[in-house]
There are 4 protein chains.
Amino acid sequence: MTTTSHRPVRIVATDGPGQPDRTPALDDLYRGFEAESLIPLWTEIGDLMPPQPRSRALPHAWRWRDLLPLARRAGDLVPVGRGGERRAIALANPGLGGAPYATPTLWAAIQYLGPREDAPVHRHTQNAFRFVVEGEGVWTVVDGDPVAMRRGDFLLTPGWRFHGHHNRSDAPMAWLDGLDIPFVHLTESAFFEFGPDAVADRGTPARSRSERLWAHPGIAPVSLAGRPTSSSPIAAYRWEFTDRALRDQLELADDGHPGVLGPGHAAVRFTNPTTGGDVMPTIRAEVHRLRPGTRTRTRREVGSSVYQVFSGAGSVRVGDREWTVERGDLFVVPSWQPLTVASETGVDLFRFSDTPIFESLHQHRQHVGDDPEGAGR
Amino acid sequence: MTTTSHRPVRIVATDGPGQPDRTPALDDLYRGFEAESLIPLWTEIGDLMPPQPRSRALPHAWRWRDLLPLARRAGDLVPVGRGGERRAIALANPGLGGAPYATPTLWAAIQYLGPREDAPVHRHTQNAFRFVVEGEGVWTVVDGDPVAMRRGDFLLTPGWRFHGHHNRSDAPMAWLDGLDIPFVHLTESAFFEFGPDAVADRGTPARSRSERLWAHPGIAPVSLAGRPTSSSPIAAYRWEFTDRALRDQLELADDGHPGVLGPGHAAVRFTNPTTGGDVMPTIRAEVHRLRPGTRTRTRREVGSSVYQVFSGAGSVRVGDREWTVERGDLFVVPSWQPLTVASETGVDLFRFSDTPIFESLHQHRQHVGDDPEGAGR
Amino acid sequence: MTTTSHRPVRIVATDGPGQPDRTPALDDLYRGFEAESLIPLWTEIGDLMPPQPRSRALPHAWRWRDLLPLARRAGDLVPVGRGGERRAIALANPGLGGAPYATPTLWAAIQYLGPREDAPVHRHTQNAFRFVVEGEGVWTVVDGDPVAMRRGDFLLTPGWRFHGHHNRSDAPMAWLDGLDIPFVHLTESAFFEFGPDAVADRGTPARSRSERLWAHPGIAPVSLAGRPTSSSPIAAYRWEFTDRALRDQLELADDGHPGVLGPGHAAVRFTNPTTGGDVMPTIRAEVHRLRPGTRTRTRREVGSSVYQVFSGAGSVRVGDREWTVERGDLFVVPSWQPLTVASETGVDLFRFSDTPIFESLHQHRQHVGDDPEGAGR
Amino acid sequence: MTTTSHRPVRIVATDGPGQPDRTPALDDLYRGFEAESLIPLWTEIGDLMPPQPRSRALPHAWRWRDLLPLARRAGDLVPVGRGGERRAIALANPGLGGAPYATPTLWAAIQYLGPREDAPVHRHTQNAFRFVVEGEGVWTVVDGDPVAMRRGDFLLTPGWRFHGHHNRSDAPMAWLDGLDIPFVHLTESAFFEFGPDAVADRGTPARSRSERLWAHPGIAPVSLAGRPTSSSPIAAYRWEFTDRALRDQLELADDGHPGVLGPGHAAVRFTNPTTGGDVMPTIRAEVHRLRPGTRTRTRREVGSSVYQVFSGAGSVRVGDREWTVERGDLFVVPSWQPLTVASETGVDLFRFSDTPIFESLHQHRQHVGDDPEGAGR
C-alpha cells in the first residue's frame, strides 16, 4: 500500500494551450526546478484543477457470496489478537493503486469473529461503525458498555473510545466495518492506543447503557442534556426503529403527505441527538428503501459513498458501470459519479459516505436529475 | 505526479505479533483476497494506525535566493495565459513522491508576474491566498474588486470567486501563493471554470472595495451584518495593521499584561469578521514575531504548516532537521513534528496551516512543551 | 391586568448610603426631572439592581380538585368560539398584581373542551404546548396535522403554526396549556392571526404525521435532515417513551451506572431532534420521577418554573412556603427561589421553565446544594 | 416605580365576540376564579394577543438642552458614592407608568461626573455601554483596564465585569449610558456586587489594553483566538474608525458599488470580533449617517430602539409623532412603530436596540417600506 516514497521530483513537459515552447532553455529551467524540489503549476493544472471532480476510485462492486467464504477461511487461518487486532478484510478499490481503501476517504471491511472468540481492546482517533447484514451473538464493548449486535443494527464506535468485541455464541459472525481510515491517513492525524487485553464487561444485555440513556425519541437525560458532543452518544441504532421509520415514510406517501426522498423511495439518516447532525464528524449513515418498481433519480454528489444491500435486490448504475446486486453485496460510488438505483422487487440499502467532511468545510455540492453534465452550486 | 493507477492489489505477508503463520493455505487465502480486490487489516495496521501521526512529508526548507532566480528565468521562458493559467512554481515536498505538494494538504508556490503582464480570470473551489514578501505594483481582481498587493499584505481569494491579476508597474513581482489544492485533490472535490480572458476592472485603488466595507475594527456594514459567510469578506489584510497588532502585543507584555503567545513571542491570526473564525474553511494564517533573543517552546500539532520568513533571521528546528533562515525562505512542518524557532536578532514569520480542517472535524490535537513524546488529547 | 398607564413620573426621595441630602434644592431638582420625564438611578438602584434576583412572583400552589370543578362550570357557561378563542383559565400568580401570569414570563392554564366541541383555528407568535394529566379524545390539529391527546403526552404548538382542537368523544377533557405569553407581552413581540373557523382535517389517527416522520430515536428523514428548525418538528412526545426513559434511568442507577439527576431522582428533557436543544426557543420541558423515599437537593435557578404533579404525591418546599401536592396539582418556583421536593411514596412531576431565554442570552445561573446563600457564576 | 403588588385578582367581564352571556351564574364563576387566583383567557385575549405588537411605550423625545442643565444641577446636589453608585438620570418613557425605562427592555440615562470625581467600582449582570456625544477626560476602568472616553466613542461594559470611572480633568463630563436593566428586571435575573471603593488602575492611556489586543481589523491574538466570548472583548470602538467606515460606505455608493443601507444612508454596526455577532447578548448598537437631502424608507421592527443625535440635525417621524432633533437629542422607537428619518443638512445618529433578544429567540420580524400595515414574517 502507500508508503513513504522518496521518488525524486520529475517534471514532464506537456504540450497544449498556455504551455511554454519546449526549448533547451526550458529543459534547463525544469532541471533547475527539480534540483530545488519545485514543480510548476502549468504542467500539472489539468490534473490538479479539473472542471469537475475526476475520481481515481472506480465504480466497483463486491459480492457477499465471494466475500463470506474468504472471511470464513480467514477465520480458520488468521488469529485475532494483539498486533493484528482485528480479522477485518478491506475492500480495495481497483483504482486506488493497491491501497486498502474503498474510496479515497472511506474504509469498508468485512470483520469476522469465530464462535466464542474475542477481539482485543484498543482505541484510535479514526471514527468507526459496524452494520450487521446477518447474524448475531457478538457484543461490542465501547468504553465498557456492552452493545449487542444483531441483523439490521447500526453500531457506533466514535474516535478515541476503547472498544473490543466478544462472540458469546457458538456460531461465527461477520459484519461490515466502516471507518474514515483513508481520510485520517491522508491527513496524517491518526493516534492509536492499546487497551487491556481482555474485554472487561462480558455482560450480554439486550440494550446497551447508551441506549437506555439516549435511544428515546426526542428525549434526553437532564443530567447530560444541553451539552453537544462531537459524535452521537447512541451506541446502537436498532433495526426495529429504522424499519418502522421507513415504513412510516412510505405510508405517509400513500396518504398523500411529504416525507419520502422520491416516489417509492424512503430514506432515513442516523443522527447525533445532541446536535441533530451526523452521527460522527466524518461519516454519514443512511438506510434507503425502494418499493418494488421504483427507480431513483440520478444523483451526483461531491464525496464518495459505500452501499451494502440489506435485503431484496436491485440494479445499480454508477457512471458507466451497472450491476445487479442482492443481499450483502457492496458497491462504491466515487465522487461526482452519477448514481441510479432501480428495483423490481424492492430493496433496502445501507449507505455511508464522507459528506460531513464536505459540508463542514463548505465544499459540498450535489446535483439531482438526469442532466448528464451535473451542475454548479 | 499522482495519476490514476491500476496497480493490482498485492498483499505482502508480514511477521510480528498477531500475524498468522505463513503457510501455503495462507498464501492461497491472500491470493484469493487479491482476486477479489480485498486487503486484510492485519498486514496494514502498523502503517494505517500508528501510535501517533507519522507524516510522509519531510521537514524541508527552500531558499528565497534559490527560488527567485528560477522564477525570473520562468518569467523569460514561460508565458502566462489561458491553459497554463499562472506562472506559479510549487514547493514539492521531497517525501511526497514527486507530487507538487508542500505538505499532504497544502500547496505553496512562488507566483511571478512580469512588468505590465496579466494573469487570466478563472475560478475554482480551492481556497487561495497570497502573501507578499517583497515588491508591489500588482492588483489581484477578485469578483471584480481590484486589490493592491504590497509587501506584508495577506490577500484572500476564497473558493469559487473569479480572479485574475494585472501588473501595473514596470517591475516584475513575485509572491507566495497558498492553497488547499492537495486536500481538495485527495478528497476529489475540485471544480474549475474559466472567466473572461481580460481582467475587467483595471483600476488601481489603494484599498479594495472589500476593505472599505469590512476592514474596520469590530465594525460591520448594517446592510450585510448578521449573515455569517464561510470565508472572510476582507480581500486584503494590510501590513500596517498586522505590524501594529504585533507591536501592541509586545508592548502589553512590557507593561506586564497578557496577550503574547510566549515570552518575546507575539502572534496574530487573520480572521473572518463575520464569524470570528479562520479566514477560509481549510486554511489558517498567522504572523509570528520573535524579539531578539527569543526561543519558542517546542510545539507539536496535528496537521501541517508552511512558514515564510518575512523579515529578520532565525534558526528553526523541525524534528531532526535544523536550518538558519532569512527573508523569503520557506519551510514546512509536517504533522506532529516538533517545532522550535529561535532568533538572536529578531524575526517575523508568516505561517499558514490546515488546522481548520482538524478543528472542524474534531481531529485536532496539540502539545506544547519539551516532553519529546508529545501527549494525548 | 396590565394596561397602558400614563401615570406621571414621580420621584420618591429615599434615605440611605449614597443618597443626597434632602434639601429644597434637591426637591426642586426632582420636580425638574419629573417635568422632563426623567428618573434618577440613585433612588431606584436598590430595586433595579438587587444583589440577587428578587422575584415579584410568589411561590404558590393551585389544587387540581379546585381547578377542575371551576373548569367544568366554565364548560357550562362559556362558549368556545371566534373572539374568545379558547376556554382556558390561567393561573394568576398572587404577586403579579392581578395579571394572568403564573410567573413573570410564563403562562399556565387549564383548558377545557366539552364533548364533541371544537376550538377554532388561529396562530400566534407565542410558543405553546399542552400536557395531559388525565383524559383523552381530543385531537389538536397543528398546521393540518391531527395530534391525539392522551394522558401523559406532551404536545407542541410552536409559534406561528395554525392550530385548533376538536373533541371526538362524549366526555369533556381538561389539560394544561403552557405558553410564553407574559414574556412576549412584556417584550411586545406578539402577532396573531385567525385561521379558518372549522378544523380542516378531522381525522383521528393514533400518531400524527410529525411523529411518523420524526419520533424515531436518533433517526431523521433524509428529505428534511440537516436543516435545523427553531422548534421541534415532533408534535407529540408520548408518555410510553417518557415513562420508559425514566424507568431506564432508575434501572441504570440500580446497576451502578450514571444517568439519574440525583439519588432516586430520574429526569428527562424533551428536545428538538434537529438541534439537540430545547423544544422551543423560550420554553424548556421536563419530567422528573422521584422514587419512594427520595428528597432532592435544594436547587436555585435564574428564571421561573411551573410544575404539575402527574402521578403520586410529595411535599414541596419553595422558599419559605411548603405544600403537600398530589395528582394534577400545580405550583410555581419564582426566579432564584430555592426548591426541594421529597416523596415518601414516589411522584412524577412535569416541569416547564423559561430557562432557554437565559441560556440563549448568557444570563443563566444555577446553584445546587444546601448553602442558603446560593452562589455566583 | 414597579414594586411587588399584592393587588388581588379581579376579572372584568367584557362584551364582544366569543364572550359568554353576563348572567349571575357567570358572575359567580368569576368570583370563584378570583378566589382561586385564576383569570380566564377569553376576557384578556385582546390585550395579550393583539394582531401585531402594541407597545405600551410611547414615541417620545428628550432634548439635550433640557437634560444637560438638570445633570449639572445634579452634579451640585447629588454625591457619587457607594450606595447611590452613579449620578445617572434615566429617560422615563411616559407610557411606562412611571418606571425609569426608556422602553420596556432598555435603559437610557445621562451620566454626569464632576471634575476630578470618581464613581465607585461594582459589577452586575446587566449589560452596559456608554456613548459619548461630547467631552472627554474620563476613564472608565473595566476589570482593571482603563478606557479613555472621548466624543464619538462607543464603550462596553458587558455583564459581570467590575467597573468604575474617574474624571482626570478639571471639566465635568456627561455621556449616555445604555443598559438592559428593564429586560433583566422583568425577567428577574439580576445579580449585583460591590467592588473595592477605589478605582485601582488610575492610568490614563490613550488606548485600553483591550483595544491593543483586539481593535485591529480582522486580526485576533493567537493566544486568545478561536474561543468565542458572549460579549465583545473590545472595550472601546473609537470614533475615528466609525467615521471612516461611514465615509467609505458613502464613497462606495458614489462609485456605484453596494454597501449603504439605502440611498444617502450609510450605517455601521458594532460587532463582537470573536463571533461576528452583536457586541452583547441583549444589545445591538449602530451609527447611521444620512447625507444632506436624505429620507429613509419607513421601517417597523419587533423590539425597541433608542436614538441619540451625534451631529447634524434632522426630522424624525415615529408612529404619529414627529420632531426636529439636533445634537444630543434622544428619542425612542417602540416595538413595531414605523420610523422615518429625514435630514436637509445631514445627520449622524447613534442607535441601540434590543434586537439580539428577538433574533436569539426567533421572535424577530421587520418590515421595510411604506405599506402602513407592516407585514408578516
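**Figure 1. Salt bridges across the interface of chain C and chain A in a predicted model.** In this predicted model, the interface between chain C and chain A holds 4 salt bridges. One of the residue pairs that form a salt bridge is C:Asp248 with A:Arg207, whose closest N and O atoms lie 2.6 Å apart.

**Figure 2. Polar contacts and the elements of chain C that touch chain A.** Between chain C and chain A, 16 residue pairs are in polar contact, with both residues of each pair at pLDDT 80 or more. On the side of chain C that touches chain A, at least two residues come from each of helix H5 (209-214), strand S13 (219-221), helix H6 (239-254) and strand S15 (265-270). H6(C) provides the largest share of this side, with 8 residues. Sorted by class, the side of chain C that touches chain A comprises 20 nonpolar, 12 polar and 9 charged residues.

**Figure 3. Area buried between chain C and chain A.** Together, the two chains bury about 3500 Å², and 61% of this area is on carbon and sulfur atoms. Of the area that chain C buries against chain A, 18% is supplied by C:Arg212, C:Pro217 and C:Val222, more than by any other three residues. In terms of contacts, 41 residues of chain C meet 41 residues of chain A.

**Figure 4. Pairing of a strand of chain A with a strand of chain C.** Strand S15 of chain A, residues 265-270, pairs with S13(C) in the antiparallel sense, and the pairing extends over 3 bridges. Within S13(C), C:Pro221 stands opposite A:Val268.

Methods:
Residues numbered from 1 in each chain as written. Chains lettered and ligands numbered in written order. Predicted model: local features only at pLDDT ≥ 70, side-chain atom pairs only at ≥ 80, totals over all residues. Heavy atoms only, no water. Contact = heavy atoms within 4.5 Å. Buried area = accessible area lost by both parts, 1.4 Å probe. Salt bridge = Lys/Arg side-chain N within 4 Å of Asp/Glu carboxyl O. Polar contact = N/O pair within 3.5 Å; in protein donor to acceptor, adjacent residues only side chain to side chain. Helix = DSSP H or I, 4+ residues; strand = E, 2+ residues; numbered from the N terminus. Nonpolar A, V, L, I, M, F, W, Y, C, P; charged D, E, K, R; others polar. Pairing = 2+ DSSP bridges.
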